[in-house]
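Subject: Structure handover

Hello,

Here is the structure I promised to pass on. Please open it first; my notes follow below.

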Amino acid sequence: MTTLVEIKNLTKHFAASRLWILRTGQVTKAVDDVSFSIQEGETFGLVGESGCGKTTTGRLVLRLIEPTSGKVFFEGQEVTALSPSEIHEYRKKAQIIFQNPFSSLNPRRSIEDILSDGYEIYDLAKGTERQDRMAALLEKVGLGADALGRYPHQFSGGQRQRIVIARALTVDPRFIVADEPTSALDVSIQAQVLNLLRELQRDFRFTMLLISHDLRVIYHMSDHIGVMYLGRLVELAEKRDFYSRPLHPYTQALISSAPAMEPGQMGKKASLKGEVWNRMPPPGGCVFYPRCPIATAACETTLPPFEAKGKNHWVACLHA
Amino acid sequence: MKLIRRLRTNALAFIGALAVLGVLLMAMAAPVIAPHDPLEAETSDRFLPPGNSKYLLGTDFLGRDVLSRIIFGSRISLLIAGLSVGAAIVLGVTSGVIAGFFGGWVDTVIMRISDVIFAIPTLMTALGVVGLLGRSMNAVVVALAVSYSPLFARVCRSAVVSIREMGFVEASRAIGASRARILAKDIIPNILPLIMVQATTSLSWAILAEASLGFLGMSVEPPTPSWGTMLTTGREYFYSGPTVPLFAGLMTLIAVYAFNLLGDGLRDLLDPRAWEQLN
Amino acid sequence: MDPLPLTSHDADKKHPTEERIEPLLQVKNLHAYFFMETGVLKAVDGVSFEVQPGEIVGLAGESGCGKSVTMKCLLRLLPHPGRIVEGEIRFDGQDLLSLSPGEMRQVRGKHMSIVLQDAMGALNPVITVGEQVADVRLAHTTDSRKGAWEKAIELLGNMGIPSAEERAQYYAHEFSGGMQQRVVIAAALACSPALIIADEPTTGLDVTIQSQILSLLLETREQMGSAILYISHDLATVVNICDRIIIMYAGEIVESAPTREIITDPQHPYTQALIDSIPPLGGIPREFLRAIPGFPPNPVDLPPGCHFAPRCPHAQEKCLTRRPGLVNCGPGHYARCFLYEEKTN
């Protein structure tokens, strides 16, 4: 297994105000010193709740946003050091699928026009060859070639998401970031789209970084799972280890909060106190300290290192 | 409810479109349909009342046919309105889109300049320009173009700023589209309806503005007929021959209202659907 | 026409109901249609169910199934061009559909209250949260201003809002999503209603907050004895909190049973498929999920027979032309499918 993507100490800070006069020095650490690697051909799942930084991480890996510090490597090449023309080439190999099928397609462009972007920008195919390829792709994602002449508003959410997937595939990428690809869809449509992604991954052989807040989706689709909380990566494990032996208290809470398909489960679980929003973590300490059920005095002042606690199992916790 | 609304706006746009078309045709066919030469003065036929067989709407203080002058006057009004709004669109849309797309200090500089121009009333700008360039059609066109471009700039800039944040723009970036491509394929097509609506509204203002400027003596020089100048000279001789200002004013009213109706109708037809789709 | 009583015999329920007393809410053969330019949209097409006092009933289904429209019918807040064309809604013995708007306003907030998905949207941004909760009491009870305010603080405290006395003076935007939802629930409980209708109350909230809110709702039932009609597309949360579940598809009820029954032994093919399409957590990893092929039918153009037949793996010829009725296929268990008509015959 070769490493396709490597992320080292990736950090992104957002200043509180854009106007430099009003900047008080307060920053939001959207992504804070995150490191992990993605193997070729696998699906890596990044899970966490609102504000954890997973979406930002996805954008950083593709350099749709510039990192504050840290490096990203793709196929051994440093993405974070690429020149604009090199980034252009990178975009052909690394694509993204967005969450909202309603706003990610331009309502004024026909499907044919939207899909032809990739072919035009990278000069991949023209004329009838392009038409054939687009039709074949549409067929592959479960839509007919007659979709080409239509406009986005004529399709349902699930169908639009298929178009979004087809668009990403027009350039035959090696790596796809799927940012909450099914969060806006009904459960039965979600199943269709997840199956589609699995099938396409098998046929087109791309590596996927799947980002979602839905633990079930992440667990079902991923080979490795990373858990993020308030900008930090708190745990990383293989799928099975993740479920059978979660080490970080946040991961444990996440797993036990995910509603099980069993009646009468409520009240038997350890509910986390408080919320992300109104409890800022202490500077210098563990980000999870305010809500952690096993926190001690040390946790308030010491930033736990991200260490290996087993084969391919990493945790950032003083008490794991 | 929706049905009634759609019919009503369609009817509005329809009536507006018809009226606009009528005025346009009148302007274009002026040499053909005008019964007399608008500049031909028949001093023996001064101040004739309307309703006689030779001069349908009567004559003015120099014995010139009012109807012909009104018909030819439409040319001036529409030409000035068209040219000035056209220039305003070019200037305003370009600066607005650049400001919205690039943001930062470019945005700030462009918008503050446009704010300053916007703050000066149209008539004052016209005064300044006419003072510089003298009384002529060019002067009026330049004055109105300068006055109206901030509006286009502002409308386009805010539209671009909100479209810039939309998912499909990020998607285009992600697939490697150049900024030019994003502008051409994603941004401009989505602001076109806004520009169209603003354009029709501005056209109606421009017609009115030309009439006002003409009335103040800042538009074309006599003897060229324009509705505005006809209002001025007509005012002087109001008690002898009220038909001149009456019909000039009436035509102005009709033309302004026609463009307004068209603009309103277009707004209802185009905007909600476009934004509904984006939601 | 459906057989009417859909009662539950769920032994797991903590709040025992006595022998069959008058159900709190009775919906009989409800039909709600939207009259649009393009045609008649049959959002709710023959729905009947009951809610007993103190019971938590789940109304589950995907988007477009009619569950939200049903809720709006109950509250008589159906927007134009929708109309209730047929059916009866009885609440606490009263015929809701015959009440005047003023009388209906007496019911809403006092005997029947709602908790909706968007908490921020439900709260007035320019009034403090304490005032909003107090307002509900002032509107429906004889409380004095002071009394209402004190009651509001008590409710907010019960909902787990720390330092309630101080926090009651804050505004909605100063709270997080989960806290806002607690305020909304506090307002919903202000007059101790017999029935709380919750429409996707936890959708959009973080999953750790979700479980807090669900626990809160359960506690409410324990302490106040309110019944809850819990409407959601998220079957897993519905299963977690409800005594009994009703599954809707394309405007009708396709299955109804006590929670345990529906999970261990779902009878309707749609329910089975729905449960199977939820990605499993833990257990043996599967490569593919069992997805239902196709899309839900267009409510303006519903198929003549069973609404689910075009997508059903067990569909027979008669399913395409005749609509099955709800058939009893177990204790308190009903399914709308010809498969069970055969079994019971």
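Among contacts in chain A between residues at least 6 apart in sequence, what percentage join residues at least 24 apart? It is 65%. Please keep in mind that this is a predicted model.

Chain A

Chain A has 320 residues, and 46% of them count as buried. Its secondary structure comprises 10 helices and 12 strands. The C-alpha trace spans about 70 × 55 × 40 Å along its principal axes. A compact globule with 320 residues would have a radius of gyration near 20 Å, so the 21 Å of chain A agrees with that.

Chain B

Chain B is built from 10 helices and zero strands. Of its 279 residues, 45% count as buried. Its C-alpha trace spans about 75 × 50 × 30 Å along the principal axes. Take the contacts in chain B with a separation of 6 or more: residues 24 or more positions apart account for 69% of them.

Chain C

Chain C contains 13 helices and 12 strands. It has 345 residues, of which 51% count as buried. Its C-alpha atoms fill a box of roughly 65 × 50 × 45 Å, taken along the principal axes. For 345 residues, a compact globule would have a radius of gyration near 20 Å; chain C has 21 Å, which agrees. Of the contacts in chain C with a separation of 6 or more, 66% come from residues 24 or more positions apart.

Strand 6 of chain C

Which way do the residues of strand 6 of chain C point? C:Met112 and C:Ile114 point one way, C:Ser113 and C:Val115 the other way. All are buried. In a regular strand, side chains alternate between the two faces of the sheet. Strand 6 of chain C pairs with strand 7 (residues 195–199) of chain C in the parallel sense, over four bridges. C:Val115 stands opposite C:Ala198 in strand 7 of chain C.

The largest nonpolar core has 266 residues. Those with the most contacts inside it are C:Val133, C:Leu156, C:Ala186, C:Leu195 and C:Tyr230. Leaving out residues up to four places away in sequence, C:Ala186 touches C:Val133, C:Leu155, C:Leu156 and C:Met159.

C:Leu155 and C:Leu156 are among the buried residues of helix 5 of chain C. What covers the buried residues of helix 5 of chain C includes helix 4 (129–140), helix 6 (164–167) and helix 7 (177–189) of chain C. Helix 5 (residues 145–158) of chain C has 14 residues and reaches 20 Å from its first C-alpha to its last, close to the 20 Å expected at 1.5 Å a residue. Just after helix 5 of chain C, C:Gly160 takes a positive phi of about 85 degrees.

Where chain C meets chain A

The contact takes 41 residues from chain C and 38 residues from chain A. On the side of chain C that touches chain A, helix 8 (207–224), helix 9 (235–241), helix 10 (259–264) and helix 11 (269–277) of chain C each supply at least two residues. Helix 8 of chain C gives the most, with nine residues. That side of chain C divides into 22 nonpolar, 14 polar and five charged residues.

Best wishes

How values were computed:
Residues numbered from 1 in each chain as written. Chains lettered and ligands numbered in written order. Predicted model: local features only at pLDDT ≥ 70, side-chain atom pairs only at ≥ 80, totals over all residues. Contact = placed C-beta atoms within 7 Å. Nonpolar A, V, L, I, M, F, W, Y, C, P; charged D, E, K, R; others polar. Buried ≥ 20, exposed ≤ 12 C-beta atoms within 10 Å, placed from the backbone. Pairing = 2+ DSSP bridges. Core = buried A, V, L, I, M, F, W, Y, C linked by C-beta atoms within 7 Å. Expected span 1.5 Å × (residues − 1). Rg over C-alpha atoms; globule rule 2.2 N^0.38 Å.
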